[in-house]
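Work through the exercises below with the sequence and the structure open beside you. Try each task before reading its solution.

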Amino acid sequence: MFGFSSKQLIGVGLFLFAIFIGVPLVIGATGRWDFYFTLTSVALLAIASAGVWLTFYIGRINIGQGAFALIGAYVSAILVVKAGWSFWISLPAAGLFAAVVAVLIGLPILRLRGVYFAMITLVLTQVVTLTALALPVTNGAKGISNIPLPSGISVFGIPILPDFAAMENTKLAFYYTACIIMILTYAALYRLVNSRLGHLCRSMQQNEELASSIGVNIAYIRIVIFAISSFFGGLGGAMFGSIAQSVYPSSFQVADSVNFMLNCFLGGLGYVFGPMLGTLVLYFGWDLLFEFGKYQMLIYSTILIVIIRFLPNGLLSIRFGKGGDK
Amino acid sequence: MEQILANGVYLGSQYAMIALGLTLIFALMNVLNFAHGQMYVIGGFVTYTFYGQWGVPFVLALVMSCVTLAILGALIEKFLFAPVIKGSAREESTMLLAAGIAFFLDAVILLVFGEKQRGVPKIVDGVFNWDFRIIMPYDRILICLLAILSIVAFIGLMQYTKTGRALRALAQDRTAAQLMGVNVDRYSMIGFALGAMLAGLVGGLLVTITGVNLGMGGPTSIKAFMMVMIGGAGVISGAIWGGIILGFMEAIGLALLYQYGDITYLLIFVSLMIFLAIRPQGLMGKPWG
Amino acid sequence: MSPLLQVRNVTKKYGGLTANNDISFDVAENEILSVIGPNGAGKSTLFKMISSFTPTTTGEVIYRGERISNLRPHIVARKGVVRTFQETTIFKSMTVRESVVVAQHLRARASLAGYFWGSKTAKNDVTAFGKYADELLEFLGMSDISKEQASNLPQGSLRALGIAIGLATDPKVLLLDEPFAGMNHDETMNMVNLVRSVRDERGVTVMLVEHDMPAVMSISDRIVVLNFGEKIAEGTPSEIQNNEKVIEAYLGSVDDEIGM
């Protein structure tokens, strides 16, 4: 099926079982309802991280995903609160808007390589935060709060998506929604990487000159990839805003952009599912360390440093060995 | 106008020093040191502790800032960056390490020095006032002079000493430097220590004026990145120019656009992006660093 | 018959330096033409201008009556003029076969979206690419190393891989950048035969930049000689061998050559 081996299919099946049935069972048994919020956040951040990973795939270090997450969050919030759109329509709109912005910004900056691109994307996060502070439509520092919960959608009277506001347990609903979007994102990412576009990206990552000599329009593919990457960022950000029911200029900051990048590095840049694992480990790990109080940051960063010191090629490199690709 | 120029020189000299340290580390090891701002903050806290808390003479406190950061930088290079660079398939992995170190230093600062804003007594009193055209407290002038002096000393070190020549050779071409008999491992460590020391020195200098707090690390790193980009990564003259240009832009922007708040920074960021789109390698950089 | 490719009054200046000055010559269909000259004569720059990797300062390059200079490299490649690089320019972490498959980009019939959704055309393409890659590697005598990762290959195979990548794009004109550099006599002779068969069996017009005189003399139909950015001679190998200007240029620079 879809060219997967049976081993891969079993793996995917186990994964789906774990997140859709296993997690609710465990949470129900232990009573740690707060884990729903943690895991929902992990799923959403993993979507944005998937975008960052994709820009890595064309050889660009992207520390600007926070900018696109923030754009997505604002676009969705404004469409829902001020224009009265349904959240479910504002969600793809937020992604698309982020992608359009990415095209406009990408045209000049994607010519930069290496640390230059990394640094300018870092600055980009700051630009969007400051723009959000300055524009009237984003409400400045006050931000947009009291975003209503997603309303239901029905076609010809048949409910397709339920009304979140009428639900008793929105935590579970948000968890499922986030997981479904995350799975779609990673399925698309996997497909993309293993299709021709992915092969062209790899050729560009390894040598842009040679890629253009075999007829690859590298400028075009860079833009397409950056737009897709930012689409994921916008999607994750919009969903986040909806769960928090608010968005502020500080909702996504430079530190968040750095974290998205760290998720990818930690999971391993050679593996499509690396950013998902990286996000889980980093975010969940951070959450678990909460009980250490003021030592939380110290322990967290120490573990981070130890991991990178002894596994510089990412967590997944334990299984696949150095330089593996898949 | 004169006031703006004076502010520009003052800011620019501080910024140039921060950028110098960052660009030195980048040139030597191809490492984007995210922890640079935190090193600056630690430098500030060390001077605060020695001068502000224990009453040690200011100059001695500055020296302590330098020594602390130099040792810290050397240890970080030897036990973290060097092995990771050797064992990593992609050199970008050092970015993760640098970010981890930034978090770690933030945590250490939080535990040792706390979250509060800290200031120290003025090192000299009084205000220089030239006909209300330039008004500047004497301590700012002194700090500015010290910063310029340090920059000159640093350039002298790089140009005329054996260490400086080795570092420049290393920055230009690692393999060639090795062939020429430069002890690459040793000088990488020295260079990193030197870069960290510069950050600590500026921190120590500026604590007398702006004070210091935990939250200053990240924004300082971003500013340093910008200066390095303006001038061209890994180029010493570029870092100095970058610092001066950013200093002047800030001074001018804050004077003209005072009532619009952060719009100065927004304009600086946007113009930087436009500038880099036209000239990706910065003012002085080689194409593609 | 009009020539396949024409270089017309091409000049390239970098700041105050003139890398190429007013160079003109024609390339006929199905010939092997070498561009030779001492170091710094401007050979590589000329190649970069023909493949649009760098713009000309003045002058133009015409291919089948169309200007191909001052475009972008991938557009020139699409028209059928493809360059190869020296051995360091490869897809390091791909295998030989993967490199040749990816290089068939221009032969793709399906759109990128088609590949994403797995359309029928895309599936056919993928099969065809694989088949052609095997065939091409067989033709180049590289079947036994097709699963090797490029970064592990010895120098000679890297050069061949470069040519394989170039050929995979289905070029009409192939520009080879120093295909014999650093090779011993046997390797060079193998490569000479390979280049010849590329022309004879695949109908590809070949232009090459080279230092190795004996190889150039044996392989070329015609030779263009550059010195200090100027064209000083053009003709068949025997004409070039007896050209006084050429002899002078080379005698004057024998010492420079050793450094290569």
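**Exercise 1. Describe the contact between chain A and chain B.**

Solution. Step 1: count the residues on each side. In this predicted model, chain A brings 41 residues to the contact and chain B brings 42.
Step 1: find the helices involved on the side of chain A. At least two residues each come from α4 (87-109), α5 (114-134), α10 (254-267) and α12 (296-310) of chain A.
Step 2: pick out the main contributor. With 14 residues, α5(A) has the largest share of the side of chain A that touches chain B.
Step 3: sort that side by class. It holds 29 nonpolar, seven polar and five charged residues.

**Exercise 2. Describe the side of chain A that touches chain C, then state how chain B and chain C are placed.**

Solution. Step 1: 22 residues of chain A meet 24 residues of chain C.
Step 1: on the side of chain A, α6 (170-193), α7 (196-206) and α8 (208-213) of chain A supply at least two residues each. The most comes from α7(A), which gives seven residues.
Step 2: the classes on this side of chain A are seven nonpolar, 10 polar and five charged residues.
Step 3: turn to the remaining pair. Chain B and chain C have no contact, and their closest C-alpha atoms are 11 Å apart.
Step 4: Two pairs of chains are in contact, and chains A and B share the most contacts.

**Exercise 3. Is B:Leu111 buried or exposed?**

Solution. Step 1: locate the residue. B:Leu111 is part of helix α4 (residues 93-113) of chain B.
Step 1: apply the cut-off. B:Leu111 has 12 C-beta neighbours inside 10 Å, so it counts as exposed.
Step 2: look for its contacts. Not counting residues up to four places away in sequence, B:Leu111 touches A:Lys294 and A:Leu298.
Step 3: compare with the annotation. The unreviewed UniProt entry records "transmembrane region" for several spans of chain B, including residues 96-113. That span is 100% helix and 0% strand, and its end C-alpha atoms lie 25 Å apart. Residues 141-160 of chain B, also among the annotated spans, are likewise 100% helix and 0% strand, with end C-alpha atoms 28 Å apart.

**Exercise 4. Work out the six-stranded sheet of chain C and the helices that pack on it.**

Solution. Step 1: write the strand order. The open sheet runs β6-β7-β8-β3-β9-β10 (chain C), with mixed pairing.
Step 1: find the edges. β6 (81-83) and β10 (230-235) of chain C each have a single partner strand, so one side of each has no neighbour in the sheet.
Step 2: Direction ignored, neighbouring strands are turned by 15 degrees against each other on average.
Step 3: examine one pair. Strand β9 (residues 222-227) of chain C and β10(C) run antiparallel and are joined by five bridges. One example is C:Val224, whose bridge partner in β10(C) is C:Glu234.
Step 4: Helix α7 (residues 185-202) of chain C lies across β3, β7 and β8 of chain C, at about 150 degrees to β8(C).

**Exercise 5. What is the strand order in the sheet of four strands in chain C?**

Solution. Step 1: the order is β2-β1-β4-β5 (chain C) in an open sheet with antiparallel pairing.
Step 1: β2 (17-27) and β5 (66-67) of chain C are the edge strands, each pairing on one side only.
Step 2: between β1 (residues 5-14) and β4 (residues 58-63) of chain C there are five bridges. In one of these strands, β4(C), C:Val61 is the bridge partner of C:Val7.

How values were computed:
Residues numbered from 1 in each chain as written. Chains lettered and ligands numbered in written order. Predicted model: local features only at pLDDT ≥ 70, side-chain atom pairs only at ≥ 80, totals over all residues. UniProt positions renumbered as here; feature names shortened; annotations may be inferred. Contact = placed C-beta atoms within 7 Å. Nonpolar A, V, L, I, M, F, W, Y, C, P; charged D, E, K, R; others polar. Pairing = 2+ DSSP bridges. Axes fitted to C-alpha atoms, helices over the stretch in contact; angles between N-to-C directions. Buried ≥ 20, exposed ≤ 12 C-beta atoms within 10 Å, placed from the backbone.
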